[in-house]
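Subject: Structure for you to look at

Hi,

Here is the structure I said I would pass on.

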Amino acid sequence: MIQIPRGTQDILPKDTYKWQFIEDRLHEIAQNYNYKEIRTPVFESTELFVRGVGGSTDIVNKEMYTFMDKGDRSMTLKPEGTAPVVRSYIENKMQHDVNQPVKVYYLAPMFRYERRQKGRYRQFVQFGIEAIGVEDPLIDVEVISMLMHIYQSFGLKNLKLYINSIGDQDSRAAYNQALVDHFRPSIDEFCSDCQTRIDTNPMRILDCKKDRDHALVQNAPRIYDYLNEESKIYFEKVTENLDALGISYEIDYNLVRGLDYYTHTAFELMSDAEGFGAITTLCGGGRYNGLLELLDGPQETGIGFALSIERLLLALEAEGIEIPEPEGIDLYICTLDAAAEATAGQLLHKLRAEGISCDMDYKHRKLKAQMKDADRKDAAFTIVLGESELKTGEVELKHMQSGETKKVSMDDLKQLSTLIEENGS
Ligand code: HAM
């Protein structure tokens, strides 16, 4: 039997309402903060991610779904949304748009060949935002406040926001040198990845899952001590403005993020709910001041975040928060014979055009089984159609909750639909 690929999942009809509820909420909040949706392709040139995300990252080194297309070009299913958005910004010259800064969001599947683990999928849906074309602590704060707004709007309480500043290019260079000096003498004690990282991207050693408890990681130099004056002032303004909004956070000097493009503000949101366990991050993001130029774009800067719906659902589950189930259908028509079935089909056709959600039994079941089916579908009203109803043209519309019935002519669609709309549950 052919099976679903590892690390992917089917979202079954009984569960899609949860996804739709979350997606509707995300569209709504994005609108609230005046971010417009952008849709980029599912695959891009591999080079976009190698250059954009960084050749020393786990994403590029180990996790990309890369393939050669029939024209012998290397393509990659997108592992993240920022580089594609920046590519599109540059290609469409959005720096000249009248609406500035450019504030966009996306809701799309991403692909990473990761080790299977709870909360880690090979295909997952990211909601992300990017604000490009402005460098101001206030926009950083807007981005962070929006992500807190999203999680809090679902009633989640066990949230911990960690922030840090990675500084500008100069601060980063000085810090990287300090890390090399700190780790180099004992690098043999670290995992093979870290032994490579010391040459390619020493900051990533701080982020290593295998070596995170090593004493040298614990007492590593802090980036804060290497920030130049400008970077320090920027970071202070971000924290001051977060304080002004009453958003609580913790500064984590070891937070460096797993992608290479970050500068200045970086943040991650964790859940400390019991049961969320080792799933780690709910959402991550930060500022990327050099990325546009790195991708041959204009000298503009950006900031954003991304979260996955999969982990949001796990956080809701860990806190026992349920997503409201959708309402049932308005009407279910039970039928007693073949002639009634044909008439029911026609009536459904007309009622659906009036905006009534309705259904019938297509499996020729007995009346009792049809009633059960109406119950399962949570129908607000039922009609039973048989020989006498076809003869008189009149049906009894039954309101399931109250048990009340009303005789209505089948031809009087107006009355039928008004009754259903007025008394629907
Ligand atoms: P990221 O930290 O790689 O950042 O991913 C962001 C979020 O995507 C994570 O916090 C997590 O919720 C979700 N995620 C990542 N990998 C998986 C997975 N295998 N299964 C389920 N969920 C996953 C980025 O992708 C950046 N582009 C974020 C960003 C936007 N930075 C600036 N703008």
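Predicted model: local features only at pLDDT ≥ 70, side-chain atom pairs only at ≥ 80, totals over all residues.

The protein splits into domain 1 (13–168 + 228–318) and domain 2 (331–422). Taken over C-alpha atoms, the centres of domain 1 and domain 2 are 49 Å apart.

On the surface there are two patches to look at. Glu 322, Glu 325, Glu 327, Asp 375 and Asp 378 form a negative one. Asp 375 from that group sits in helix H13 (residues 367–376), and it counts as exposed because its relative accessibility is 57%, where the cut-off is over 50%. The other patch is nonpolar, covers about 250 Å² and is made by Val 42, Phe 43 and Phe 67. Phe 67 belongs to strand S3 (residues 66–68) and, with a relative accessible area of 34%, is partly exposed.

Gly 155 is in the loop between helix H5 (137–153) and strand S7 (159–165), and at 28% relative accessibility it is partly exposed.

Now the salt bridges: a search of the whole structure gives 25. Here are some of them.

- Arg 184 and Asp 199 meet through their side chains at 3.2 Å, N to O. Arg 184 is in the loop between helix H6 (169–183) and helix H7 (192–200), while Asp 199 is in helix H7, 15 residues apart. Arg 184 is partly exposed at 39%, whereas Asp 199 is exposed at 55%.
- Glu 268 and Arg 257 form a salt bridge at 2.8 Å, N to O. Glu 268 lies in strand S9 (residues 263–271) and Arg 257 in the loop between strand S8 (250–251) and S9, so the pair ties together parts eleven residues apart in sequence. Both Glu 268 and Arg 257 are buried.
- Lys 377 pairs with Asp 373, with 2.9 Å between the closest N and O atoms. Lys 377 is partly exposed, at 30% relative accessible area, but Asp 373 is buried, at 3%.

Cheers

Definitions and conventions
Residues numbered from 1 in each chain as written. Heavy atoms only, no water. Domains from an automatic or database assignment. Patch = residues over 30% accessible without salt bridge, like charges linked within 9 Å, V, L, I, M, F, W, Y side chains within 5 Å. Areas by Shrake-Rupley, 256 points an atom, 1.4 Å probe, with all protein chains shown as cover. Salt bridge = Lys/Arg side-chain N within 4 Å of Asp/Glu carboxyl O. Lys, Arg positive; Asp, Glu negative; His and termini not counted. Charge placed at Lys NZ, Arg CZ, Asp CG, Glu CD. Helix = DSSP H or I, 4+ residues; strand = E, 2+ residues; numbered from the N terminus. Buried < 20%, exposed > 50% of the residue type's maximum accessible area, 1.4 Å probe, protein only.
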